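Hi,

Here is the structure I promised to hand over. Please open it first, then read my notes below.

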Amino acid sequence: MHNTTSESLGSCPDCETPIPVRYLLIRYERGDDTAGYATCPDCEIPVRPV
Ligand SMILES: [Zn+2]
């Protein structure tokens with residue numbers, strides 16, 4: 001089986017660690033843009049992935 005679920009939301013603005021999708025806390029739409037907050041696996045605080 002080939003499992004390539006390396007999808008990430010972006011990187012932590014603080015430590016630049018890639019944040020996996022499963023760390024997503026909330027997602028919201030703002031106009032045409034979709035933004036969200038996720039817990040950084042490294043900082044262990046909610047951040048907005050960049
Ligand atoms: Zn971080």
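**What I found**

Of the 50 residues of the protein, 16% count as buried. Keep in mind that this is a predicted model. The protein has five strands and zero helices. From the N terminus on, the elements run β-β-β-β-β.

**The zinc site**

Start with the zinc ion. Its protein donors are the SG atoms of Cys 12, Cys 15, Cys 40 and Cys 43. They lie 2.2 to 2.3 Å from the ion. The angles among the four donor atoms are 105 to 118 degrees, and the site is tetrahedral. That label follows because four donors count as tetrahedral if all angles lie between 85 and 135 degrees. In sequence, the donor residues are spaced C-x2-C-x24-C-x2-C.

What does the pair Cys 12 and Cys 40 tie together? Cys 12 lies in the loop between strand S1 (8-11) and strand S2 (18-20). Cys 40 lies in the loop between strand S4 (33-39) and strand S5 (46-47). The pair therefore ties together parts that are 28 residues apart in sequence.

Are these two cysteines buried or exposed? Cys 12 has a relative accessible area of 0%, so it is buried. Cys 40 is at 0% relative accessibility and counts as buried. The cut-off for buried is under 20% relative accessible area.

**The sheet**

Now the strands. Three of them form an open sheet, in the order S3-S4-S5, with antiparallel pairing. The edge strands are S3 (24-30) and S5, and each pairs on one side only.

Take S3 and S4. Their antiparallel pairing runs over six bridges. Leu 24 has Ala 38 in S4 as its bridge partner. The two strands form a hairpin with two residues between them. Gly 31 sits in that turn, with a positive phi of about 70 degrees.

Next, S4 and S5. They pair in the antiparallel sense over two bridges.

Gly 36 is found in strand S4. It has a relative accessible area of 13%, so it is buried. Which separation do the C-alpha atoms of Gly 36 and Leu 24 show? It is 7.3 Å, with the residues twelve apart along the chain.

Tyr 37 is found in strand S4 too. At 31% relative accessibility, it counts as partly exposed. Tyr 37 also contributes to a nonpolar surface patch, together with Leu 25 and Ile 26. The patch covers about 280 Å².

**Where to look**

End on the patch made by Leu 25, Ile 26 and Tyr 37.

Best wishes

Technical notes
Residues numbered from 1 in each chain as written. Predicted model: local features only at pLDDT ≥ 70, side-chain atom pairs only at ≥ 80, totals over all residues. Heavy atoms only, no water. Donors = N, O, S within 2.8 Å, 3.2 Å for Na, K, Ca; no water. Tetrahedral: all angles 85-135°; square planar, octahedral: opposite > 155°, others 65-115°. Helix = DSSP H or I, 4+ residues; strand = E, 2+ residues; numbered from the N terminus. Buried < 20%, exposed > 50% of the residue type's maximum accessible area, 1.4 Å probe, protein only. Pairing = 2+ DSSP bridges. Patch = residues over 30% accessible without salt bridge, like charges linked within 9 Å, V, L, I, M, F, W, Y side chains within 5 Å. Areas by Shrake-Rupley, 256 points an atom, 1.4 Å probe, with all protein chains shown as cover. Salt bridge = Lys/Arg side-chain N within 4 Å of Asp/Glu carboxyl O.
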